[in-house]
Amino acid sequence: MVKPDAAGRLERLLGAMTPEEKIGQLNMLSADSELTGPGGPADYMAALRAGRLGSMLNLHGAERVRAVQRVALEETRLGIPLFFGYDVVHGHRTVFPIPLAEAAAFDPALWEETARIAAVEAAADGLTMAFAPMLDVARDPRWGRICESAGEDTWLTSRLAEAKVRGFQGRDLTAPGSVAAVAKHLAAYGAVLAGRDYAQVEVSERSLHETYLPPFRRAVEAGAAALMPAFTDLGGVPLTANAAVLRDLVRGAWGFDGIMVSDYDAIAELIPHGVAADLAEAAALALKAGVDIDMMSHAYTKGLPEALARGAVTMADLDAAVRRVLTFKARLGLFDDPYRETATTALTAERRAAHRAAARDAARRSIVLLSQKDGLLPIAEAPRRVAVLGPLADAAGEMLGPWSASGRPEEMVTFLAGLRATWPRSDVAHARGVDIDSEDVGGIPAAVDLARSADLVVLCVGEARGMSGEANCRGHLGLPGRQGELVKAVLDAGKPTVVLLSSGRPLLVPELLDRAGAVLATWFLGSEAGNAVGDVLSGNWNPSGRLPVSWPADAGQIPIFFSRLPTGRPYAPANRYTSRYLDIPTEPLFPFGHGLSYTRFALRDLRVSATELRAGETLSVAVEVANEGQAAGEETVLLFVRDPVASVSRPVLELKGMAKVQLASGERRTVRMSLEAEAVAFPGIDMTPRLEPGEIEIFVGPTARTDALLKTSIRVLAS
Ligand code: BGC
């Protein structure tokens, strides 16, 4: 909150500004070094000196930022400080696993910690804003941006939303090591048709409110300082111009009082969207909808003067946006501490080491053991000869993942380096075999020779980091390039083979899953990738990651997710007229929550604290978890509900809770989760929230596969 004296100061400042200076406060330009969208570099220093720049993106490095801030303070008429945003999506200098991977940890404390570390490093690098967390529920692995998301589930993404906002922003925005969080991209961007980036979105009013908006609401409730509208449309109205969502719902009904930053070039793109004829119209639509800051489209600087002249916007509209931007700057403490000296935490060697340790922990918790045969893993005794093969084995740059921020390739631990450190006395040899994106298969024979002479093969295949993320959609979800041939040749060598599958999305790799001794989803794990993999292969860490997305069996199933509505004709193998395909299965290959462990857990004795629940009451759900295997390990327990009869059809399963438990071999413990009555409320036919009396089924288990779940039921009573 801005103190009253500060509010007075802001009003005086606003009163002293020319219309051009006001518009300048709404203009955000990119540094020329790293453009993250279309269009050429802008002369941001000239814009700044002319009072036509309020904030920047893609400029980082304490000295560089300081130099530009000094110009803002000393060489502009009003000396208003800038703020500096950057895509700090999965770490800053220390690179953490991509969000989809981190989601697999099902661990809000971890999500908060990695955001905190990223914020501390970003703040030390001069930054004041992170364009994160990305909260788009994503159910289509063709869409490259699924890697930036927490996957398919709304409840899980909402938990991630609050954890990340707390992590980035800390206690308040002036606290040491805090940066402003930008919850993005509001909303339903993940539903682009056929998984193609920037394409049309088709969602019902109900799925907008039930599936796509709740994570943003949680981010707002957690105090997110800023939001970014999506590039895409809802019912033909691009979010950048969508007053019903931005102004009426988010600012109005939700009470959001922060700033809205457009996506890159999105205001000018209202013209090719076909809702504005020129920049003045585009600018007017966005400003009226509540978009405060124009990122890189020049629509506000070029279009708003004309829009004012035409009467399409008023000075009051402009003042409202400028007031919000100035208030935001005050919340960041920029008027008192423009160089953010109090917000900067020294990155001592000790602190850096702690950040690396956290990256290693995050990385190993993100690894999902997809399959394994005959107990190949863990490798309890160091093998004599290890062949580490494939294009991703020694690929430091690839470990960075798609939003590498300030990460440096030379600081990444590759799989090869990590395995050498894990087994220092073994002969660990390497051959690439093929490149990810080349037709040259000349290296395969050497890789096969190495495989034949090894006791253990670690085959590192998958996507390049540039194959997921923004504008990186794929129609085929197999291994790119000629990697399939490498895989076949290496598996034919017949040696025990562990596959490290790196990708920003679920991949369709049936041959690997059928034939390899073990397959681990290693996503993009960041700075400590190799060490984390060493921890898992050696058994120093028992894999605990669980899939935050349903892993399709075939691309024809996409989009596929567990929280679907029931159908009148559910799939029944013996009945032709049911919901199914002629040629592919209906179920995913691996369900949401899937992930193997080196031990075996059993869940039993599901109990609830009451059989009836009224509004305002909370149910306690308890289940006994036993570790019946030989190794210590961590189990993730999921709590789902289903409302079998309601005024509108409810999903066959809805995630509503989770718990993690660490158990020694032979240990058992009761795990408790709570369920508030309001968690089973839903928008009724008229879209207003309803808590309907009647039965609620409660399911508890490790995955969203219904037959693997314990079940009980309660009744919700009318209050
Ligand atoms: C992306 C955003 C990102 C912005 C700034 C856009 O193209 O959609 O997620 O924050 O660029 O780099």
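# A walk from the ligand out to the helices

A polar side-chain atom of Glu470 sits 2.7 Å from an oxygen atom of the ligand. That's a handy place to start, but keep in mind as you look around that this is a predicted model.

Let's stay with the ligand for a moment. Which residues come nearest to it? Out of the 13 residues around the ligand, the nearest are Thr36, Asp87, Arg145, His185 and Asp263. Two of these are worth a look for their side chains. In Asp87, an N or O atom of the side chain is 2.5 Å from an oxygen atom of the ligand. His185 also points something polar that way, with a polar side-chain atom 2.7 Å from a ligand oxygen.

Now for the helices. Two packed helices are described by the angle between their axes and the distance between those axes.

Begin with α8, which covers residues 205-212, and α9, which covers residues 214-221; their axes come within 5 Å and cross at roughly 45 degrees. That angle makes α8 oblique to α9. On the α8 side, the contact is made by Leu208, His209, Glu210, Thr211 and Tyr212, while α9 brings Pro214, Pro215 and Phe216. Sort the residues of this contact by class and you get five nonpolar, two polar and one charged.

Next, find α17 at residues 415-422 and α21 at residues 529-538. Here the axes come within 7 Å, and the crossing angle is roughly 50 degrees. Because of that angle, α17 counts as oblique to α21. As for handedness, α17 passes α21 in a right-handed crossing. Who meets whom? From α17 come Phe415, Gly418, Leu419, Ala421 and Thr422, and they meet Ala529, Gly530, Asn531, Val533, Gly534, Leu537 and Ser538 of α21. This contact of α17 with α21 has six nonpolar residues, six polar ones and no charged ones.

Is the crossing left-handed or right-handed? It's left-handed as α6 passes α15. The α6 residues in the contact are Leu110, Glu113, Thr114, Ile117, Val120 and Glu121, and across from them α15 supplies Arg351, His355, Ala358, Asp361, Ala362 and Arg365. By class, the α6 contact with α15 holds five nonpolar, two polar and five charged residues.

Take Pro133, found in the loop between β4 (129-130) and α7 (154-169). The peptide bond leading from Ala132 to Pro133 is cis, and its omega is near 5 degrees.

What else is in the loop between β11 and β12? Asp374 has its place there. The phi of Asp374 is near 50 degrees, which is a positive value in a residue other than glycine.

Definitions and conventions
Residues are numbered from 1 along each chain as its sequence is written. This is a predicted model: local features need pLDDT of at least 70, side-chain atom pairs count only at pLDDT 80 or more; totals for chains, interfaces and linings use all residues. Side-chain values use heavy atoms; hydrogens and water are left out. Axes are lines fitted to C-alpha atoms, for helices over the stretch in contact, and angles run from 0 to 180 degrees between N-to-C directions. Helices (H or I, at least four residues) and strands (E, at least two) are DSSP runs, numbered from the N terminus. Angles under 35 degrees count as roughly parallel, over 145 as roughly antiparallel, 65 to 115 as roughly perpendicular and the rest as oblique. A crossing is left-handed if the near helix is turned anticlockwise from the far one by less than a right angle, and right-handed if clockwise. Contact means heavy atoms within 4.5 Å. Ala, Val, Leu, Ile, Met, Phe, Trp, Tyr, Cys and Pro count as nonpolar, Asp, Glu, Lys and Arg as charged, and the others, Gly among them, as polar. A residue is near a molecule or strand if one of its heavy atoms lies within 4 Å of it. A polar contact is a pair of N or O atoms within 3.5 Å; within protein, one must be able to donate a hydrogen and the other to accept it, and residues adjacent in sequence count only if both atoms are side-chain atoms.
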